[in-house]
Amino acid sequence: MNIIKRIFSFGRSYDEFELLETEGGQPGFFGSTGRAHKDAAGAIENANDTINCDVSANEERLKTEMHAEINPDMVMRRFLLCGQIEALAVFINGMSDQSLVSDFILRQGIPERELPNDAPLVEYVANNVFAMAEVKQETSWNTIKTAIMDGCTAVFIQGKTTALTMDTRSYEHRSIQEPSNEKVVKGSQEGFVENLRTNITLIRRRVRTDDLVVELRTYGKEGSSRAAIMYREGIANESLVNEIKRRLANVNAMYVFNAGTLEQLTERNTYSVFPQLLATERPDRTAAMLMEGHVAVIVEGSPTANVMPATLFTLMATGEDSTMRVVQGSVIRMVRYIGAAISILLPGYFLALALHHQSLLSSEVLTTVVASRKMVFAPIGMEMLFLLLVFQLVREAGMRVPGSIGQAIGIIGGLILGQAAVTANLASSVMLIIVALTGLGNFCIPDYSTQLSASVLRVILVIASWLAGLMGLFCGAFVIVAWMASLKSFGVPFLAPHSPKANSKRPMILRGPIDNMSRHKDILNTEEDGR
Amino acid sequence: MKRISKTICLMLAAAFVAFNMAGCISYVAIDEYGYVMTVGVDKGETYDYRFCFIVQVEGASQGESDAENVVLSAEGNNIYDAVAVVEVGVPYQLNFGRANYMLFSKEVAETGYIARFIDESFKNLGVRRSTKLMVVLGDSLDYCTGVVSKDNPNTSKRQYSILRDYVSEGLTPITNIAMFTQNVNAKRGDNIVTLGATDDSIPNEEITGSSQDSELNPNSTTAGVERTGGLRAYYMGCAVFDGGTMKGVLSGRDTEIILMAKGMFRAGRLTLHHEDGEGHMVLLLKGGGKPKVELSIGGDAPYAKMSVRLQCHIECGEEDMDYNKWNREVKPMLEDYMERELERVFTLCRGMNSDAYEIGKYAAMKFHSAEEWEQYDWKSRYPELNMEFDVSLYVENEEINSLGG
Amino acid sequence: MRLNEGKIGLQESASIAAVAITACSVFLLDSEKAYSRGDATFISLPVSIAVSLAMFMLMWCAMRRTGARNLIELFDMCVGKAIGTVLSIVAALIFILYAYRLMARFCILIHGRVFAAAEYESVALWIAVPVAYAAIKGLECLSRLAKIFGVLIGALVLISLIIMISAYDVSRLAPFPGDLGKLGMDTISRSADSVAAFLGLICVAGALQGGRNVKKSALIGSGVAIAFVFMIQFALGATFTYTDLSQMAMPIYLMKMVVMRESYLFRLDQMNLFFYMIAALITAAFYVYCAALIITRRTFGQDIRPAVVGVSAFILAALRVNHRFEAGIIQQSIDFLYDYAFVAGVPFILAAIAGLIRFGRKGRAYEADK
């Protein structure tokens, strides 16, 4: 009987969890959030930002707000400052170095000592008691909380509304390694890591000028994310810097933990195929661009720097270009641009000729293409799209599968799968060669986002060529170039300095002599140019 | 909601545009065509004309780059009728975009049909104006079957290679639709068109659609010379036109002379036998650029003097030649000979009312308006034209030329 | 305000002037009328550009004298608001007419030569949509397109002309110079082809950052255009006789077919056709933009996009109607307007003279030049 009941009953087991949809209200018809979801986190309350002069009250408040009873890593240490005054040290275990707290705060603060009557207590303690390199006096409760969450240690003193924060950060992070996506032959092998401080240091080691400014900003709904804006004061255009700061301040997401998300939140044209800033893992490249007058934004937790503004020529350059000789660098650059053009135009061009303009093909090519398609069942346009999709599948699989297996997938996909597809009459060999060349050309593009952009454009042009031959290809290319011509990256036209023409004598595609690089980029309208 | 309706409107507009732009540019895929390499036109038996086509299609074998040639033909009053009949029996559409040659039998060319055919066919069939023209002695169909080869399906390239070699020898001209129609419309000169023929003593290869003669004519030769091997079809000389109508044929030798007069002569060999019958001299002649023509149209009849400059290289025959001998004896003799040849061929062409030397274009330069030129009516004055020729020969042999001969 | 004017530099403005003048002069030439009595277009067309340049200089002087910032202000200051409005409408109609002619020419050519089996309307739509898109994007986009594609197309044209050198024969230009009366008439009537480009430059003078730049752009653009038009027409005349040319819709497309050699390079005429189409699209988009700018300014609009969409839709409708057999009267009317468009230059000249007289020697300099 029990078995029958269990089979036919609709009940569920007691401990089975179910996320109820109605908690936040019904979702809208097109998926927009219902009213109940709006500002679920709520606006930051205009709470009391001052520090209580009673240490116990501060302790209670911290326990409540930071859930100290639930968070086992929150440490609150009461002690007698200089053997006389009640004090409270607060830090997060794991974010702060306990030995620093013990040796340089508690060991210095606990022993009895005479306190002066004429000097302000907090200032005296900050200057004479704690043996830390950086001691700040804070009166804002929220600032202190942020500092604690950041890994600093806060010390509250009985009877004072000013607390002290000291930098005791010491958490585990990845060591500096070679950048995984921007490999070079000549040039630095260092890449950014997830730690903001380390990244800033990597740049400071290269840009040893007194005008390099690093502004730390928090953004996001509860100030949960931190980023550093780096630029050269007096060189970078002030309007550019202000605009970047304004956009960062307008970021309203709950959290942003990587540079890519921040990129999308700060760029103007969300639906643009092209990226509007350069995301780089290389500190040397970032440093070089800072020297020219760009602005860099580094996000805590992301091993990528967002450098803006970025033009097409910036996206097509690599950090290695300036390390090569003029002729070699120029040839490599030309190959890169030719590869990019092949990657975007070749599939559409071939499709246009095969479907609509056969008279443009030589008779030998005609024969080869016709013979290779003898038993292929799919229309030629479908075949092209199918092979482009297979190429993307192989690429994605190779990236997601770890280690040597990922490399093997590229070989398997490229050689064996391709050959098998031809043998099985799923594709023709000529088409396979076209797609292979397209793929090689795609990988010539140094920037990953731009590679993906090229993939999208390629598909658009393939479809346009399928529909209307060379007319579709040319009209599609016209629209794409028009789009690029009208795109701006933080006020700088995307095709600058070619269109519009800038004052710079530096060649765009070819590599100019290295002594041409003594000036800042004209398109950035640096402060030095304006003087 | 505003943003959503704006998005929906944009998507609807994009769908409308895409729907209109898509699918209406109809296409036929590359492997659904049979590519016509050569078109031939003969007089028909049942209908006005018989049209034949050398079509390149995919081969029967599984080879990657395999192709084969098929010769198809059908009769009709115009090419469209013939194409319709042909397409009924083959699993592909005919594509004329790669057609490189148009052949006309002598009978058809003599009726003046070429210009009409070009007018009515080439725009709508997609034939290019660079398609070369040829007149064939005999049947175009026979010629087509004689030019294809099983071993090399690339008929177009092969034809051009042979033609190019002939042209480089100066034995035949190349004319395409653009040049043909220009001369017919402008009336400043007349066309000479590549002439082809078939040597019946050479058997056809087994080609799909070809007509294999069961009995070969053993007395057939290639322009009077017996040969074995090679293709059955060959080139020889040129067909001479008066406007759009063929008037006669000239040998390869005579074609060389015309090309010299037109300034299109590149190189060719000349064999001269000594008058006493002992020995001969072989010269390699090279064109020296466009001839200089002084024309006067005043008076009763137009008069022109043509100065032709040629370079030559004595290849064999005169081992003891030196500069003095060359300058005193050989050069004047050769120049005189060439002038007589030019005169002879000019007379031949004038007899056919063909301004093959294109003196008309020099006549046009004498006028300042189209009305005056058209009123003058050069073709009616052409039969009265008197010409004088002056040939300058320059020898390239080092041993003779060391003193600047 | 969203007029999408922006600011453009000298290279961009000169490029757009050069592309527009060359495209209109070469592609809009009616072969039957131009070549029926001889070929002297390699003289008449460059001279016609010079004639319209002279007209432009007159208007530019008036612009300097009056301190007008654009075409509408120039008309208003020279002849008053009422007549100025009429002249603005005439200018807008000229822009629309030339944009339509360019698009129609390429629709017919592409439909006839390349996509004979397709429907004319779909070809028209493929051409109209990029024009509308580029015009909506604004002047900065158009000028940059002109600079990028202009250089490319110019190089392509030069290469095409150079590889054809062996086929040129100067005797084909005979009889020369043809009917002098017709030559003069052609020069005057064809000057209208380049007037639209000069009017366009004045229309967008605000984006060119000063009257001096307007003049420089016009001079450089017309200089380049004169050189190219001369080379193209001379090459065409040396390749085809006038009897052939009078029967060809776009002889520059057919040039390469004269050559006898079998080479891939000589088969690329269809590719060239589409590059020429790009030049026509840029020019048409520029004219659509200028017409929309005039309409927006005259109607005190804040956004140019509705006017662009309206003008584009109007031209697209005309393209589609043009192809119907009932539209013969429409086509004839458009042909008539096109043949006598140069007459519209007269009121512009008179307006400029009126402005010069009215403002005398004490006129204001163009503000940006102070």
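Tutor: Let's begin with a term: two residues are in contact if their C-beta atoms, placed from the backbone, lie within 7 Å. Of the contacts in chain B with a separation of 6 or more, 70% are between residues 24 or more positions apart. Before going on, note that this is a predicted model, where local features need pLDDT of at least 70, side-chain atom pairs count only at pLDDT 80 or more, and totals for chains, interfaces and linings use all residues. Residues are numbered from 1 along each chain as its sequence is written, while chains are lettered from A and ligands numbered from 1 in the order in which they are written.

Chain B has 13 helices and 14 strands; these are DSSP runs numbered from the N terminus, with helices being H or I of at least four residues and strands E of at least two. Its 405 residues are 44% buried, where buried takes 20 or more other C-beta atoms within 10 Å of a residue's own, exposed takes 12 or fewer, partly exposed lies in between, and C-beta atoms are placed from the backbone.

Most residues other than glycine have a negative phi, and most peptide bonds are trans. B:Glu358 isn't a glycine, yet has a positive phi of about 55°. You'll find B:Glu358 in the loop between α9 (323–351) and α10 (360–364) of chain B, and B:Glu358 counts as buried because 23 C-beta neighbours sit inside 10 Å.
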